[in-house]
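Subject: Structure handover and findings

Hi,

Here is the structure I promised to pass on. My notes follow below it.

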Amino acid sequence: MATIADILAEHKDKEGPLLPVLHDVQKMFGHVSEEAMREIAQALNLTRAEVYGVVSFYHDFRKEVEPRPVLKLCRSEACKARGVEALVPIADNQSRIKVEAIYCLGLCAVGPSAMVGEKVYARLDGAKFKTLLEAM
C-alpha cells in the first residue's frame, strides 16, 4: 500500500501537483484526512487552508471514509430533460447506499446516467435504476 509520501514523490516534478495528489490520496485511502492535508501542505509548500479549501470545494473529496457504497446520480439539465427526476424518489428511499447528486457525467445524449466507482450507467429508467441499486 502506498503512503502519502509515495504519492507526493510520484508528483514532485509535476506542475500544479495539488489536485493529482489529492485524487491519488482519495483513491488510495477513500478520503483525505486532516493529517493528509497537513502532510500535503507541508510537502507542496502550501498553507493548510489552501489545501483544505480545495478539498472542501470539490465534491469528490471526502474528509472521512464513507462506509456505504456511493452512487453519483447526474442531475444536470440534460438528464432532467431525459427523466432523472423520476429516479430521485427511488434514490431517496435508500439508506444502505449514499446517493450523491452530480451535475454532468458527459453522457448527455444517453441520460439519465449514474456512476458507481469508475463505472457509468446510462439510459436509466425506473426498472434499470432499481436493479442497479439492488446490485450495490
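Which residues does Arg62 touch, not counting residues up to four places away in sequence? They are Gln26, Gly30, His31, Val32, Val70 and Glu100. Contact here means heavy atoms within 4.5 Å.

Some ground rules before the rest. This is a predicted model, in which local features need pLDDT of at least 70 and side-chain atom pairs count only at pLDDT 80 or more, while totals for chains, interfaces and linings use all residues. Residues are numbered from 1 along each chain as its sequence is written, and side-chain values use heavy atoms, with hydrogens and water left out.

**Overall layout**

The protein chain has 7 helices and 4 strands. Helices (H or I, at least four residues) and strands (E, at least two) are DSSP runs, numbered from the N terminus. Read from that end, the order is α-α-α-α-β-α-α-β-β-β-α. The C-alpha atoms fill a box of roughly 50 × 30 × 25 Å along the principal axes. Of the 136 residues, 35% count as buried. Buried means under 20% relative accessible area, exposed means over 50%, and partly exposed lies in between (1.4 Å probe, protein chains only). Among contacts with a separation of 6 or more, 64% are between residues 24 or more positions apart.

**The sheet**

The 4 strands form an open sheet in the order S2-S1-S3-S4, with mixed pairing. S2 and S4 (119-121) are the edge strands, each pairing on one side only. Two strands pair if DSSP finds at least two bridges between them. On average, neighbouring strands are turned by 25 degrees against each other, direction ignored. Helix H7 (residues 126-135) packs on the sheet and touches S1, S3 and S4. Its direction makes about 160 degrees with that of S1. Axes are lines fitted to C-alpha atoms, for helices over the stretch in contact, and angles run from 0 to 180 degrees between N-to-C directions.

S1 pairs with S2 (residues 98-102) in the parallel sense, over 5 bridges. Within that pairing, Val70 is the bridge partner of Lys98, and Lys72 is that of Glu100. S1 and S3 run antiparallel, joined by 3 bridges. There, Leu71 has Val116 as its bridge partner.

How many of the 5 residues of S1 are buried? The count is 5 of 5. In a regular strand the side chains alternate between the two faces of the sheet. In S1, Val70, Lys72 and Cys74 lie on one side, Leu71 and Leu73 on the other, and both faces are covered.

**The largest pocket**

The volume is about 480 Å³. The lining has 15 residues, and Gln26, Lys27, Asp60, Lys72 and Gly117 lie nearest the centre. H2 (18-29), S1 (70-74) and S3 (114-116) each give two or more residues to the lining. H2 gives the largest share, 3 residues. By type, the lining splits into 4 nonpolar, 4 polar and 7 charged.

The terms, for your own runs:
- On a 1 Å grid over the protein atoms alone, a pocket is an open set of points where a 1.4 Å probe fits, with protein on both sides within 12 Å along at least five of seven lines; lining residues have an atom within 4 Å of a point.
- Grid points are joined across faces, edges and corners, and a volume is the space filled by probe spheres set on the points.
- Ala, Val, Leu, Ile, Met, Phe, Trp, Tyr, Cys and Pro count as nonpolar, Asp, Glu, Lys and Arg as charged, and the others, Gly among them, as polar.

**Gln26 and Arg62**

Gln26 sits in helix H2. It counts as buried because its relative accessibility is 14%. Leaving out residues up to four places away in sequence, Gln26 touches His31, Val32, Asp60, Phe61 and Arg62. Arg62 is in the loop between H4 (48-57) and S1. At 15% relative accessibility, Arg62 is buried.

- A cis peptide bond joins Gly111 and Pro112, with omega about -5 degrees. Pro112 lies in the loop between S2 and S3.
- Asn45 has a positive phi, near 60 degrees, and is not a glycine. Asn45 is in the loop between H3 and H4 and is exposed at 71%.
- Arg123 also has a positive phi, about 50 degrees. Arg123 lies in the loop between S4 and H7 and is exposed at 52%.

Best wishes
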